Amino acid sequence: MTKALRARKIALLVILLSLVASGLYWWQLSNSGNQLRTETVAQAQLRARQLNGAVAEQVAILIRYVDFAAQELAEAYTPGRTAEFAIHTRKVEQRFPAKSLLQLAVIDARGYLAYSTLGMKERVFLGDREHFKVHLGSVTPSLFVSAPVLGRVSRQWSIQFSRPIWRNGRFEGVLVISLSPEYLHKTLTALSLADDDSIAIIRQSGEYLARNTGMERALGRSVTDSRGYLGADAPRSGAFRDAAKFDKIVRLYQWQRLDAAPVVVVLGLSEATLLQPVEAVIADNLRQAAAATVILWLFTFGAVALLLRLNAQQKQIVERAEQLQLADKELKASEKRLRTIIETEPECIKVVDSKGCLLEMNAAGLAMLEADSLEEAQQKNIIDYVDPEYRDAFMSLHQRVLNGENGILRFQITGLKGNTRFLETHATPMRDANGDISLSLGITRDITASKLAERQLRVAATAFESQEGMLITDADNTILQVNNAFTAVTGYTAAEVVGRNPRVLGSGRHDDSFYAAMWRSINSTGAWRGEIWNKRKNGEIYPEFISISAVKDANGTVTNYVAALTDITKSKASEEAIKNLAFFDPLTGLPNRRLLQDRLQQALASSGRSGKQGAILFIDLDNFKTLNDTLGHDIGDLLLQQVAQRLVACVREGDTVARIGGDEFVVMLEDLSAQELEAAEQTKGIGAKIIERLNQPYTLGAYEYHNTPSIGAALFIDHQQPLENLLKQADIAMYQAKKAGRNTLRFYDPQMQDIINARAALENELRKALANQQFQLYYQTQVNSAQRILGAEALIRWHHPERGLVSPVEFIPLAEETGLILPIGHWVLEMACAQLNAWQRDALTRDLVLAVNVSAKQFSQEDFAAQVQATVQRHAINPARLKLELTESMLQDNIEDTISTMNALKAAGIQFSLDDFGTGYSSLQYIKRLPLNQLKIDRSFVRDIVTDHSDKAIANTIIAMARSLGLDVIAEGVETEEQRQFLLATGCMHFQGYLFSKPVPIEEFEALLKDAAAVRPYIAA
């Protein structure tokens, strides 16, 4: 092959390589654009699902709230007693947000309007309305949600929420609550959505209830085409992509169907709006790619021309190379010594002659060129390794070096095996004995990794300008850079904060210990995430969620801190609204028991630090039940509201007034005197003021009423004192006040030596009982709706040799306080598993489930899960037959540890039931995360469920919530057939109580099983 032919083939090869490189580059660019679109849509769908779920939950809460109000009014309505009913409706109206409620009305059994809060100017027939006809012939009282209708009385669009009114098994009409669609519309428009995004609330039959855009066009209309979310059999949730009929905009839709009513919430995010920033980035990339392609081909054709030109000089280069090989022996010896040095150098060292021929190169350089030997590397001129776009710069540097200058150049090469890398070379001239420059010495290092880092930095810079606020500091916490989203959130521009400390954003709401804990987390784990209060440039204090990460170099030294922050003002406002529902009494607006316990805990800690006394006043209204029985609960409610107002007026701003149930109030006083006698005098003075104010007559509607209080007081200063003990002390003192004739105040006497002695004796006997095996398990049956026995709850009993049978009420609290509950609880678990082992060998009992109560102290042990699993394995029982009953109080502390322990036991097959549900502090946020199987309705709600409206509403709520969470429900304390029938009609399928059996020893329990089997075969549900 001639040299000219070889040069042409090399030129053709360069062109082909450029063509392939261009194609691969454009193919990769296209794939990157598609992937970016896909990821953006996926993130948007996730955000839409979360936002839609939040809106659906708010709508569900509103519907349940309306349902409770409808039940209450339906039960309160009596034909002909509209004056009393009007008082009740005004109370209900006050609970609804302003301008949300249009009308409260009653339609009689013949279809005529019998009552309206808008007044009755004429006799109006509404029997043809959907929300009336749907209840005709229906014996199941349920809430109906209508399509928007134009009221014949109000002349306004409204959504009708209706419930039937039944009295003594007779249909007497329909209770109607009319809500404004505009209220729902404003709720939707308040969401932070883009202009082209849409959200709508739609009945499952297709009618619009509310929409954030085009509300006027939507009222009275239905979804015209068939959608997957319509109909009773529609899935609970889903997603689709479609162009809307009303504006032709293509959106990504998410829907969620509510359990509380046949209503669907549909959210649509504009695909064009979502992809607009992505398309801008892709377009910019395409423009850059086009420019790069043009430059590549210019260099390619230049390289081809240069290659052909250099081919003519090839003969001279070869001849010069042969001459150089004839150097004298002394130079070769010197080169040999230099070679030893060069070969041990980790960076490339090369010698190039004036024509660009490679004369010398060490092993590091050969590795860069992907050559196994110097001879293999010398098959090409050094310039041929340089990528075309860098060759002119390389040749310019080479020429400057030959002219006697030093130089540095960064360029890219392609090795013999086709791999590319970025290099940085330092070139210097080499002179011969005559001082002439004929050679160039280059020291080159591989900078591919650093170039890749630069590219990644550019990608990071693009990500930096995200919708989240971003802030970067150096290791000394000096701000180096912020993005545009940071400016939008804080109001500070980059010029105003760069060079300053992030403390400029401090709100002053967090103390030094908060920041110390935050930096401990960052220094130990490299990150911290959480909520924090900061201050905008305009002085506004706002909540934000912030994530801080430490950036470290290769040696593990922190070089930077990166913070991502999001304004959570709106979500905190929603959270605060939910918190108010959970922590405040809806009748009086006072803190409830949960909030009182929280504030009391803080007061105890503050008292322990300051040394100042505090006090609890337990207030009970005398003869309140008589008032309710004679004048009615609505008059009783008026008294409670006025008492609450007077109590608040009697105390200082920093004190707390709470209603903990019924006619019981608690006043907590803080910052009293450090001297006990002075603190008692201060408490007595406030108590006297309260008695004086509460003795003044009350105006309750048309009645003037006099009432007196009985007050129990207890001082506190010990922050280690249990909350419940303090409340019990005040409660005991209150009963002492009642015994003293009522309308007085009594202090708890801490010197009750007889009680203390009795307690110490009981503790000693309790320890002996454990050692002498005086405990025994009793079993109370648990049945299903057909009264078939499904299992039992194991209840401990103490057979005292002298006192006889001791109730758990007497010794379990003491065991909790002394720590004896741990060995007692372990004994109960052992006995229960042993009994399950015995049952599983008998066909009559092998399917029974045995429930065991677990105390908070027992459950909080680090190895509790391991203890239970070991006990189950030791007795070789089916873990699914063991059910652990936990109380709500266990959810107040260490919720994450509780969830972890429950998940470990749940994975082993063990069941969980939440006992006494509704009596403690239950956060829905945590309950939905707990791996529960069952909720247990507390006996306090079952006792008066047939007659008490509040107990009915609470039971209905618990059962509905359990059904929505996929949980079983069991009611305890069922003692009458009326209670069982009511619970059964409400949806509760499992029961426990004296109606079926008292707690009995194992022999009597198994006799009950045999008797039941004799009547009808036992079938486990």
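Residues are numbered from 1 along each chain as its sequence is written, and side-chain values use heavy atoms, with hydrogens and water left out. Because the model is predicted, local features need pLDDT of at least 70 and side-chain atom pairs count only at pLDDT 80 or more, while totals for chains, interfaces and linings use all residues.

The cores come first. A nonpolar core here is a set of buried Ala, Val, Leu, Ile, Met, Phe, Trp, Tyr and Cys residues joined through side-chain atoms within 4.5 Å; buried means under 20% relative accessible area, exposed over 50%, and partly exposed in between (1.4 Å probe, protein chains only). The largest such core holds 72 residues, and Tyr779, Leu882, Leu884, Leu932, Leu935 and Phe1005 have the most contacts inside it. H25 is the top contributor to this core, with eight residues. Apart from it sits another core of 49 residues, Ile63, Ala210, Ala261 and Leu269 among them.

Beyond four places in sequence, tyrosine 779 touches residues including Gln835, Trp839, Leu850, Lys998 and Phe1005.

Trp839 turns up again with threonine 845. That threonine lies in the loop between helix H25 (821-839) and strand S32 (849-853); helices (H or I, at least four residues) and strands (E, at least two) are DSSP runs, numbered from the N terminus. With a relative accessible area of 5%, threonine 845 is buried. Its side chain gets to 2.7 Å from the backbone oxygen of tryptophan 839. Setting aside neighbours within four places in sequence, threonine 845 is in contact with Trp839 and Leu1009.

Elsewhere, isoleucine 107 belongs to strand S1 (residues 101-108) and is buried at a relative accessible area of 1%. Leucine 136, in the loop between helix H3 (130-133) and strand S3 (144-145), is partly exposed at 44%.

As for the cysteines, the whole structure has zero disulfides (pairs of cysteine sulfur atoms within 2.5 Å). Cysteine 348 can't make one with cysteine 357, which has the closest cysteine sulfur, because the 16 Å between the sulfurs is too far for a bond. Cysteine 348 is buried at 3% relative accessibility, and cysteine 988 is buried at 0%.

How values were computed: A polar contact is a pair of N or O atoms within 3.5 Å; within protein, one must be able to donate a hydrogen and the other to accept it, and residues adjacent in sequence count only if both atoms are side-chain atoms. Contact means heavy atoms within 4.5 Å.
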